[in-house]
Amino acid sequence: MAGLSIEDADSDPMVQFQRWFTEAIQPDLPDWFEVNAMTLSTADAEGRVTSRVVLLKGIDGGRLCFYTNYDSEKGQQMELNPQVSLCFLWGHLQRQVRIEGTVTKSDRVQSSDYFHSRPRESQLGAHVSQQSSVVDS
């Protein structure tokens, strides 16, 4: 990569992000590499920050869309403090993108449609898993 020049960047950050996201999708990437993987950072009521990788599931009206269990640690943190940070790392492009903003819940229909689009095994796992909870053994 030759770096980034302001002349080459779009004045609309979402247009620029979508351009780079499209560039990041390359046919010769390993099967395990997910271009839509992003680090999501949230904070609890005391300001302690936690980060984890989630998957971007779409871009709708300039908004990035991902899904989570509302009862998970990240779901509870976002309910208390909707300020989040995202980071995409595309090492094969020598590029990372940081995004800061506020989350809002998708409407019930959109969430339900996404849940029902998942493989049956994933749906069952979501029902029985208590995300972020301590396991007895």
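A search of the whole structure, which is a predicted model, finds six aromatic pairs. Rings of Phe, Tyr and Trp (its six-membered ring) pair if their centres lie within 6.5 Å; planes under 30 degrees apart count as stacked, over 60 as edge-to-face and the rest as tilted. Helices (H or I, at least four residues) and strands (E, at least two) are DSSP runs, numbered from the N terminus.

Phe88 and Trp90 are also tilted, their centres 5.5 Å apart and their planes at 35 degrees. Trp90 is buried at 0% relative accessibility, and Phe17 is buried at 3%; buried means under 20% relative accessible area (1.4 Å probe, protein chains only). Phe17, Phe21, Phe88 and Trp90 form one aromatic cluster.

I turn now to Thr42. Thr42 lies in strand S1 and is buried, with a relative accessible area of 2%. Its side chain makes polar contacts with the side chains of Arg52, at 3.0 Å, and Gln77, at 2.2 Å. A polar contact is a pair of N or O atoms within 3.5 Å; within protein, one must be able to donate a hydrogen and the other to accept it, and residues adjacent in sequence count only if both atoms are side-chain atoms.

Local features need pLDDT of at least 70, side-chain atom pairs count only at pLDDT 80 or more, and totals for chains, interfaces and linings use all residues. Residues are numbered from 1 along each chain as its sequence is written, and side-chain values use heavy atoms, leaving out hydrogens and water.

Conventions: Buried < 20%, exposed > 50% of the residue type's maximum accessible area, 1.4 Å probe, protein only.
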